[in-house]
Structure formats: structure tokens, C-alpha cells
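Let's take a friendly tour of a protein model together.

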Amino acid sequence: KIMSEFVTLNGHRFFLRTWGDAKYPPLLLLHGFPEYSGAWNEVAARLSDRFYCIAPDQRGYGQSYSPTDVAAYRIEHLVSDLVALIDHIGGPIDVVGHDWGAAAAYALTMARPDLLRKLVVMNGPHPVPFQRALIEDADQIAASQYILWLQRAGSEQVLAADNFAKLREMFAGPMNMSWLDGARLKEYLAAWRDATGLQAMINWYRATGLYVPKLGAQIDPPPPLDAGAMRISVPHLLIWGTDDTALLPSSYAGMDALCDAFTLHKISGADHWLHHQKPDQVAALIREFI
């Protein structure tokens, strides 16, 4: 069964959903944009016989702490939330991240590898190959133009209008959104709340240090990232839905060279929303790896 609670982390209130018995090994599940802790319902339900699954509404999302300042969403603050949460749960712990949750999980792993046992990422980018793709791969540059649009002032008002019509359209892209309907759609609409709620979520994009060139503009690459400082030293499984149109294969190219122990598993017939589309397969891969 699903339980929920509020916890205080670094003096701020965060909302957690949990599945399974607290005596089982803990498994931390980190959602991305524009999701919330309930995005893990299908996968967690399939793992809760063996793991104590814990999913927070991350900073700025759902019912958790949502500061208004863009700088409050810089990656070091997102990592600080996770360090405090693992301290609350008791670590080291296994971590699963998707989309922005993957970016936070990667940053956590680089900063505090001692807090992780194993890392699973699903369709989410490590900064080194992703930044490289955003400089070298014209298709990935084109696919990432939505980031520049989101960063603009007022994007949240546009996305929230008409019961979040534009957000739902953007969420879909040309991908399979048949899973987002009925009761699940109502839950998502409740989690998004209003334009102020969206503003906090979008601030993750506004605070990023990622360089995204404008389509057709001169590319002026930033200094290269320090790959040595961004190594993933814990055993790492990357699960990839191959039909993702937002993150292309170039966004994870070369990951094996950045990891001490790397496994890639591709899921065909799934896209960016693979945890909703193929929960049986995703849960089985996580179970086997951990």
C-alpha cells in the first residue's frame, strides 16, 4: 500500500510517498519534469514486495518546499535536499532517477558517492555527454530548443492556461501519452496546481548551468566540463526508452568511459515516459540490477 508523510529536510518541508515495508532495503525514486512523486506508482508497486520505495516531491514540485528564487534551484541545493533525505532514511541507499531526477541523482553520485550503493538512471542525461551533444549534434540542439522556451519569463502562464493545455501538449511531443488519462491525468493536474506551481518546477531549467545554443545561431561553447570530477564510481545501470524524441542517443554517448561499472539496457517500444509505458520491464531491470 502507498503511505505518505511530510518530513523536514534542512529546515524545509518535503512530501514523501512510500511503498512497501520499512524493514526492506530502501530504494529512492527521483522524478523529473513535469512529474511528481506519484509518477512512480506503477514501478514502485511492482518493487514493493522486496524494497521500501521512497519517492519525494522534489523541491518546487507537488506538496514540497517551493522557494520563489531561481537561484534556490541550483544543482547544489537539489543535492543538499537529497543528502538530507538519505540521512533521514539511513544510507547508503540505492537510487533511481528519471529526467531531471536523473540529473539530480548524477550530481548526488558525483558529490557523495559514499551515500549510494547503486545508481539506476532512466532517460536522463549526465552533464558531460549531454553538453557535448548540445554543441556537436544538430538534432539534439533542435530537440532541446524547448529548454530555451521554458527559461523565458512567463512561460509558466502560457503552459498553465486552459487547464494546462500547452503543458500537456509539450509533455507529449510526438511521444505516446496514452497512459496520461482518467484518474492519472486528474492526479497530474492536481500536482501542477497553477502557474505559480509551474514556475517553481520550471525554475530547475532557469537555474541550470547547461549551455543550449539557439537553433541556427553561432555555437559559442563553454569551457569543457571536468569529466574526471564527474565520474560515476558506483555500479550504474542506464535504462533507455529508444523512442525518446527529447533526449537522443548522443545525449548518453560515451557514458561507459565515465563510469567504473556501466550497464546499458535499451527498451524498444518505449520513449521518455518508459516507467509508465513499460513498468513491468523497468521494474524487472531495477530488481535484477540491485
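A residue is called buried when its relative accessible area is under 20%, exposed when it is over 50%, and partly exposed in between, using a 1.4 Å probe and protein chains only. This is a predicted model, so local features need pLDDT of at least 70 and side-chain atom pairs count only at pLDDT 80 or more, while totals for chains, interfaces and linings use all residues. Residues are numbered from 1 along each chain as its sequence is written, and side-chain values use heavy atoms, with hydrogens and water left out. Helices (H or I, at least four residues) and strands (E, at least two) are DSSP runs, numbered from the N terminus.

**Aromatic pairs**

- A pair of aromatic rings is described by the distance of the centres and the angle of the planes.
- Rings of Phe, Tyr and Trp (its six-membered ring) pair if their centres lie within 6.5 Å; planes under 30 degrees apart count as stacked, over 60 as edge-to-face and the rest as tilted.
- The model has 17 aromatic pairs by this rule.
- One of them joins tyrosine 61 and tryptophan 204, an edge-to-face pair with 5.6 Å from centre to centre and 85 degrees between the planes.
- Because tyrosine 61 lies in the loop between strand E4 (52-56) and helix H2 (75-89), and tryptophan 204 in helix H9 (residues 195-206), this pair ties together parts that are 143 residues apart in sequence.
- Tyrosine 61 counts as buried, at 1% relative accessibility, and tryptophan 204 is buried too, at 2%.
- Tryptophan 100 and tyrosine 205 also form an edge-to-face pair, with 5.6 Å between centres and 85 degrees between planes.
- Tryptophan 100 belongs to helix H3 (residues 100-111) and tyrosine 205 to H9, so their pair links parts that are 105 residues apart in sequence.
- Tryptophan 100 is buried at 15% relative accessible area, and tyrosine 205 is buried at 4%.
- One aromatic cluster is formed by Tyr36, Phe164, Phe171, Trp179, Tyr188, Trp192 and Trp273.

**Charges over rings**

- A charge sits over a ring if NZ of Lys or CZ of Arg is within 6 Å of the ring centre and within 35 degrees of the ring normal.
- Arginine 13 lies over the face of phenylalanine 6, 3.7 Å from the ring centre.
- Lysine 118 has its charged end over the ring of phenylalanine 289, at 5.0 Å from the centre.

**The two sides of helix H8**

- Which residues of helix H8 (residues 182-192) are buried? They are Leu185, Tyr188, Leu189, Ala191 and Trp192.
- These residues cover an arc of only 160 degrees around the axis, so they are on the same side of H8; the arc is that of the directions from the helix axis to the C-beta atoms.
- On the other side of H8, Ala183, Lys186 and Ala190 are exposed.
- The buried residues of H8 pack against helix H7 (155-172), H9 and helix H10 (274-277), where contact means heavy atoms within 4.5 Å.

- In strand E3 (residues 26-30), 5 of the 5 residues are buried.
- Pro26, Leu28 and Leu30 point one way from E3, while Leu27 and Leu29 point the other way.
- Two strands pair if DSSP finds at least two bridges between them.
- E3 pairs with E4 in the parallel sense over 3 bridges, and leucine 27 stands opposite cysteine 53 in E4.
- E3 also runs parallel to strand E5 (residues 93-98), joined by 4 bridges, with leucine 27 opposite aspartate 94 in E5.
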